[in-house]
Amino acid sequence: MTEKGEMIRVEKLNKSFGDLHVLKDIDMEVKESDVVVLIGASGSGKSTLLRCMNFLEIKNSGKVIIEGQTIEPNKDNLNKVRQKVGMVFQHFNLFPHKSVLNNVIEAPMMVKKLKRAQAEKEGRELLAKVGLADKADVYPNKLSGGQKQRVAIARSLAMKPEIMLFDEPTSALDPELVGEVLSTMKELAKEGMTMVVVTHEMGFAREVADWVVYMHDGKIVEKGKPADIFNDPKEQRTQDFLSSIL
Amino acid sequence: MPTFSHFLETLLSSYPVFFEGLWLTIRVTAVSILIAVFIGLLFALFKISKVKVLNWIANIYIAVIRGTPLIVQIFIFYFGLTEFNIPKFWAASIGLALHNGAYIAEIFRGSIQSIDKGQMEAGRSLGMSHTLAMRRIILPQAFRRALPPLGNQFIIGLKDSSLAAFIALPELFSVATTQGARTFDEMTYLLIVAVYYLVLVLIFTLLVNLLEKRLSASD
């Protein structure tokens, strides 16, 4: 097997909010077309780690390396970096004043300066891909949570990112709507998208993840193949966590 | 008190003398509100800026304007600017604009800050700059949310334009007092001018409501 390229590397990453030390010396790497699932209790730092990867949170110390380039938030153009790193949020954060199609084409047109015709063509293809071709002209408030999240995924994909970050993408959904979002994500994984996913959906982690990372109290406790983590966790704290949720 | 028929008769027959004043009131109001919205937006952005100096400039401006009576501001403006030969129309318009701008700045600041911060994050995560996300994502939503209080402020601005009568700008209220003094029929003309303002405000309210309806397509 050929060596996969490195997409994200995090070295000795520390992040505090005031006195709260949220991330403690995190080391992690994500290779091309890997699906890495971050699990752990709330407050363990998984979302913060994810947000550090596209600089919505700025680390206090350590390194965040995107595709081999160490990003310095006060020197590098973060807008350029973020074009490569898409993000899907727990609460979708669709633009309520824009139709579904306009949500999707906003950034390609305004940031990448794509012509409207081209952006709309690509946008409609993406909406078809997430199964929402017929919702192009609808406003987000007319959609179900699952549909909103699929639009958010399409919107993110419209920038043709090389990495996708998912921050608890199904946590705000009614249980019956979780499946449609997860299957869209599975589809993406199958196509070889590099993904980092914070989730409580252990079924998804088991089935789709290449790596599962268990975090506790701002540290990575254990990282492994899903089969190993779920069937044979090495660390006591991982065992405790898994037995508490499974 | 004038009889109702006398009032009605005068109301209907006096419109030629009120016409100029009415037109002037509409112009002063429109110009001052337009400038006030720009000032308001600018100072709202100053106020939420990360740059401390801009915060301070906005705070001082708002504190001074809100802390002093409009009539005093208009007089200061008028007398302060006489040496520059500023026409009364502009003294009144700029005075009113600066006054309303301070209140509109607070309206905009509130509405901008009321937009969920996930909206800015979503924009930034798509590669937008802070300015672009502010312009394309935050401000359109904030403006819509600001419309009801903004409409209210516009109505206050319209009525406050009557204070320009005190620097002898011949707008609506000034016409009413002049006519009243000339005919010794003050009450009739005051009632008439009250009707003019009332009708203007009602028309304006209607327009704001229409705009709100049009902008709420996505609610």
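**Conventions.** I recorded that residues are numbered from 1 along each chain as its sequence is written, and that chains are lettered from A and ligands numbered from 1 in the order in which they are written. In this predicted model local features need pLDDT of at least 70, side-chain atom pairs count only at pLDDT 80 or more, and totals for chains, interfaces and linings use all residues, while side-chain values use heavy atoms, with hydrogens and water left out.

**Entry 1: the sheet of chain A.** I looked up the strands of chain A. Helices (H or I, at least four residues) and strands (E, at least two) are DSSP runs, numbered from the N terminus. Four strands of chain A form an open antiparallel sheet in the order E2-E1-E4-E5. Strands E2 (20–31) and E5 (69–70) stand at its edges, each with a single partner strand, so one side of each has no neighbour in the sheet. Two strands count as paired if DSSP finds at least two bridges between them. Strand E1 (residues 6–17) and strand E4 (residues 61–66) of chain A are joined by five bridges in the antiparallel sense. I noted that Ile8(A) stands opposite Ile66(A) in E4(A).

**Entry 2: positive phi values.** I then examined backbone angles in chain A. Asp25(A) has a phi near 50°, a positive value in a residue other than glycine. Asp25(A) is placed in strand E2 and is partly exposed, at a relative accessible area of 44%. For this term, buried means under 20% relative accessible area, exposed over 50%, and partly exposed in between (1.4 Å probe, protein chains only). Lys113(A), also other than glycine, has a positive phi near 60°. Lys113(A) lies in the loop between H3 and helix H4 (116–129) of chain A, and its relative accessible area of 61% makes it exposed.

**Entry 3: helix H1 of chain A.** Is helix H1 (residues 46–53) of chain A mostly covered or mostly uncovered? I found it mostly covered, with seven of its eight residues buried. The buried residues include Leu49(A), Leu50(A), Cys52(A) and Met53(A), and also Lys46(A) and Arg51(A). H1(A) is followed by Phe55(A), whose phi is positive, near 70°.

**Entry 4: Glu180(A).** I located Glu180(A) in helix H6 (residues 175–190) of chain A. Glu180(A) counts as partly exposed, because its relative accessibility is 23%. Contact means heavy atoms within 4.5 Å. Leaving aside residues up to four places away in sequence, Glu180(A) touches Ser144(A), Gly146(A), Gln147(A) and Arg150(A). The side chain of Glu180(A) reaches the backbone nitrogen of Gln147(A) at 3.4 Å.

**Entry 5: the interface of chains A and B.** The size of an interface is often given as the accessible area lost when the parts come together. How much area is buried between chain A and chain B? I read about 2000 Å², of which carbon and sulfur atoms give 57%; buried area is the accessible area (1.4 Å probe) that two parts lose on being put together, summed over both. In contact are 25 residues of chain A and 22 residues of chain B.

Two salt bridges are counted between the chains, a salt bridge being a side-chain nitrogen of Lys or Arg within 4 Å of a carboxyl oxygen of Asp or Glu. In one salt bridge, the side chains of Arg136(B) and Glu106(A) meet at 2.7 Å, N to O. On the side of chain A that touches chain B, H2, strand E6 (85–88), helix H3 (100–110) and helix H5 (145–157) each supply at least two residues.

**Entry 6: Asn79(A).** I followed one residue across the interface. Asn79(A) is in helix H2 (residues 78–84) of chain A and is buried, at a relative accessible area of 17%. Apart from residues up to four places away in sequence, Asn79(A) touches Arg124(B), Gly127(B), Met128(B) and Ser129(B). A polar contact of 3.2 Å joins the side chains of Asn79(A) and Arg124(B). A polar contact is a pair of N or O atoms within 3.5 Å; within protein, one must be able to donate a hydrogen and the other to accept it, and residues adjacent in sequence count only if both atoms are side-chain atoms.

**Entry 7: chain B.** Of its 219 residues, 47% count as buried. The C-alpha trace of chain B spans about 70 × 45 × 25 Å along its principal axes.
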